[in-house]
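Please open the structure in your viewer and keep the selection tool at hand.

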Amino acid sequence: MTVPRWLADEMVGRLARYLRFVGCDTLYVRGLSDDKILAWAQREDRVLLTRDRRLAARAPRSLLLDSPEIGAQWRSVRRAYPDLPNDVRFERCTECNGELELYRPGPEAPREGPVPWDRVDRGLLLYRCRACGHLYWEGSHTASIRSRLAAWADLGAR
Ligand SMILES: [Zn+2]
């Protein structure tokens, strides 16, 4: 089974971010009517992720999430879609769902922001969102996301 594209409604925003962390194409919508959400899911053949039972029942493809807790939600998605990656992949922007690409800044590139430029000079890879320009790299942030994903997987196996 392949992993589908997702459409997360406003009640599951954190889940949407985690799906992007593992490289899944995940739209996150806020402030849209149910009809608009359903039309969007259908048009792009996305699986709707929601905590709204009535909305889930109306969607051609949906996954209803019973728990408000992110770990339980993650396990629900992985139970339904066992091929879901469980590791951080630098493929999707967590801010906007844009695609990431490897970014090699030239010597003239501005060296600003929170990027650890000294580590970049020593070979740390940078990834840039093609849509919004946000930069990503391996660091303490990704390490903590990885350990959270691993912990959720362990709980699910019990
Ligand atoms: Zn982006």
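Begin with the open sheet, in which 3 strands are arranged in the order β5-β6-β7 with antiparallel pairing. Select β5 (100-103) and β7 (135-136): these strands stand at the edges and have a single partner strand each, so one side of each is left without a neighbour in the sheet. Please note that the model is predicted. As background, strands of a sheet pair through backbone hydrogen bonds, either parallel or antiparallel.

Next, select β5 together with β6; the two run antiparallel and are joined by 4 bridges. Within this pair, find L102, which stands opposite Y127 in β6.

Strand β6 (residues 126-129) runs antiparallel to β7, and 2 bridges join them. Then follow the chain through the hairpin of β6 and β7, where 5 residues lie between the strands. In this hairpin, G133 takes a positive phi near 85°.

The last stops are two loop residues. Select D45, in the loop between α2 (34-43) and β3 (47-50). D45 is not a glycine, yet it has a positive phi of about 50°. Is D45 buried or exposed? D45 counts as exposed, because it has 11 C-beta neighbours inside 10 Å and the limit for an exposed residue is 12 or fewer.

Finally, select N97, in the loop between α4 (70-80) and β5. N97 is likewise not a glycine, and its phi is positive, at about 75°. With 20 C-beta neighbours inside 10 Å, N97 counts as buried.

Definitions and conventions: Residues are numbered from 1 along each chain as its sequence is written. This is a predicted model: local features need pLDDT of at least 70, side-chain atom pairs count only at pLDDT 80 or more; totals for chains, interfaces and linings use all residues. Two strands pair if DSSP finds at least two bridges between them.
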